[in-house]
Amino acid sequence: MKNITKKIVPSLMCSAVLCACFFSVAKADTTNTVLSGLITPPSQEANTTIDERLAARRPKVQLSTNEKASIAEKCTLAQTAVNERRTKDSKAAASRLQTYNELVKRLTFLVDNLSAQGNDATNLLAAQNYFVGSINSYLVDAENYKTTMDDLVNMDCKNDPAGFRATLTEARSLRTKTGQDVAVVKGNLTTLQKDLAAARQALITGKKS
Amino acid sequence: MDPRLQPNQDTPPVQPVQDVKPAQSAQAPPPPPAPVPNPIQAPSPAGYEVADSIPMAAQPGQAQAPAQTQEAANPDQEPHDELDKILQAVNSRVQAPLNPPKSGGNKILSKMAASAAKAKKVKEPKVSGGKPVIPMAIVIIVALSLSAVAFMAYRQSSKANILSNQPGRVGTSSDSADAIQSAGGTLVRPADLDDYSQTLSQQLNGLNDKGDFDSSSLSDAVLGL
């Protein structure tokens with residue numbers, strides 16, 4: 001009897017674990033399975049080398065001898081500061097991406113269900129598409145900004161002050177551009193709220209397409 | 001009691017009973033064997049046990065006198081001796097199962113006993129080490145049933161997912177709401193839209209756009225250049 005019990009218990013435990021996995025998948029929130037529509041932009045670091053990127057940026061700046069010497073003298077400390085800024089930017093970018101992702105997924109779920117219910121969701125769908133497009137633009141610029149920040153930290157600034165200056169200039173430009181992108185994303189708020197209110201009114205009155 | 005009937009490992013092979021000659025031998029005559037009816041001779045006279053025409057007596061002490069008497073009374077005993085020997089041999093063979101000889105013939109019997117024991121072992125069912133078929137079957141059935149229930153629940157949720165992943169589709173059926181609910185999906189209510197509108201505002205306004213993309217963070221003054 002003991003031998004039989006010893007043989008049965010592991011089998012029962014394995015079957016219970018498998019069933020728990022199945023139930024967890026089955027009970028998963030439906031909204032989590034909705035695709036958000038946000039892209040994953042390709043990274044320049046995967047397609048090009050740092051030397052290639054520096055070679056592409058270097059002609060954009062012209063430095064005098066004194067400037068080169070000054071940069072070579074101070075760039076090491078500057079790289080430390082850039083590294084700290086890069087760490088903070090990475091955390092902020094991750095939090096922002098998660099927020100955007102959840103908002104888009106939930107909006108997609110609402111729009112799809114409204115359409116399935118027979119309600120007119122055309123305006124809300126258009127607002128959703130514009131909202132998603134603006135976020136994707138931010139993601140592309142944010143990825144390029146991350147690449148320049150990585151190059152600033154990893155390059156040999158003492159031997160390539162021109163490249164350091166060119167990369168720093170590009171990083172500043174991309175940082176400004178990403179700031180403009182998130183402003184556009186927030187600018188969709190008004191339009192979305194207006195369309196959501198209209199869809200709500202349509203649900204209350206029972207107006208169907 | 002006849003010693004041949006007693007179990008004895010070292011019992012010598014049974015020998016046919018020999019003619020008793022009390023006049024020549026000083027030893028006591030051997031105990032008389034069990035009487036075997038001799039179809040040739042007539043029944044023995046009263047008081048004497050005649051076994052195969054050999055003079056036999058009920059008591060060993062009295063064996064000599066009757067043997068002498070018998071021997072004197074039957075002068076022509078030789079023709080019957082051979083027959084008696086044959087009968088004695090037959091008699092000993094009949095008695096062999098009661099007291100089998102241990103040497104020589106024991107080998108055959110021991111082999112037979114060993115083969116019988118082996119056959120018995122083979123026929124005995126194995127008690128330990130057998131597979132518990134019924135408990136394993138129960139476990140398998142329970143696992144399959146639970147898996148089937150989980151799969152049915154997953155299919156229900158996947159049906160709702162298919163419906164929800166069709167953006168911009170305008171429903172044509174008046175029973176679309178019922179279809180969504182039957183497939184496991186949820187209806188969109190006005191409260192859901194209000195809730196999302198508030199969440200959207202809170203989340204977007206909660207992001208630190210200015211702080212995250214402040215242009216002065218990479219200035220020469222901040223970097224020490």
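**Figure 1.** A:Asn136 is in contact with A:Gly37, A:Leu38 and A:Ile39, leaving aside its neighbours within four places in sequence. Contact means that heavy atoms lie within 4.5 Å. This is a predicted model, in which local features need pLDDT of at least 70 and side-chain atom pairs count only at pLDDT 80 or more, while totals for chains, interfaces and linings use all residues. Residues are numbered from 1 along each chain as its sequence is written, chains are lettered from A and ligands numbered from 1 in the order in which they are written, and side-chain values use heavy atoms, with hydrogens and water left out. A:Asn136 lies in helix 5 of chain A; helices (H or I, at least four residues) and strands (E, at least two) are DSSP runs, numbered from the N terminus. With a relative accessible area of 13%, A:Asn136 is buried. Buried means under 20% relative accessible area, exposed over 50% and partly exposed in between, with a 1.4 Å probe and protein chains only. Between the C-alpha atoms of A:Asn136 and A:Val185 there are 9.6 Å, although the two residues are 49 residues apart along the chain.

**Figure 2.** A:Tyr100, in helix 4 of chain A, touches residues of both chains. Its relative accessible area is 1%, so A:Tyr100 is buried. Not counting residues up to four places away in sequence, A:Tyr100 touches A:Leu38, A:Ile135, A:Tyr138, A:Val182 and A:Val185, together with B:Leu204 and B:Leu207. The C-alpha atom of A:Tyr100 is separated by 9.6 Å from that of A:Phe131, 31 residues apart along the chain.

**Figure 3.** A:Asp150 in helix 5 of chain A is a charged residue that counts as buried, because its relative accessibility is 8%. Apart from neighbours within four places in sequence, A:Asp150 is in contact with A:Glu45 and A:Arg86.

**Figure 4.** Helix 3 (residues 50-57) and helix 5 (residues 122-154) of chain A pack with their axes 11 Å apart, at an angle of about 100°. That makes helix 3 of chain A roughly perpendicular to helix 5 of chain A. Axes are lines fitted to C-alpha atoms, for helices over the stretch in contact, and angles run from 0 to 180 degrees between N-to-C directions. Angles under 35 degrees count as roughly parallel, over 145 as roughly antiparallel, 65 to 115 as roughly perpendicular and the rest as oblique. From helix 3 of chain A, A:Ile50, A:Arg53 and A:Arg57 meet A:Thr147, A:Thr148, A:Asp151 and A:Asn154 in helix 5 of chain A. By class, this contact has one nonpolar, three polar and three charged residues. Ala, Val, Leu, Ile, Met, Phe, Trp, Tyr, Cys and Pro count as nonpolar, Asp, Glu, Lys and Arg as charged, and the others, Gly among them, as polar.

**Figure 5.** Helix 6 of chain A covers residues 161-205 and bends by about 25° at A:Thr190. The bend at a residue is the angle between axes fitted to the seven residues ending there and the seven starting there. At 1.5 Å a residue, the 45 residues of helix 6 of chain A should span 66 Å, which agrees with the 67 Å between its end C-alpha atoms. The expected span of a helix is 1.5 Å times one less than its number of residues. Just after helix 6 of chain A, a positive phi of about 80° is found at A:Gly206.

**Figure 6.** Helix 6 of chain B packs its buried residues against helix 4 (65-117), helix 5 and helix 6 of chain A. These buried residues are B:Leu193, B:Tyr196, B:Ser197, B:Thr199, B:Leu200, B:Ser201 and B:Leu204.

**Figure 7.** B:Leu193 sits in helix 6 (residues 190-206) of chain B and is buried, with a relative accessible area of 0%. Leaving aside neighbours within four places in sequence, B:Leu193 is in contact with A:Leu110, A:Leu114, A:Leu196, A:Ala199, A:Arg200 and A:Leu203, and with B:Val188.

**Figure 8.** Chain A has six helices and zero strands, and chain B has eight helices and two strands. Along the sequence, chain B follows the pattern β-β-α-α-α-α-α-α-α-α. Of the 209 residues in chain A, 45% are buried; for the 225 residues of chain B, the share is 27%.
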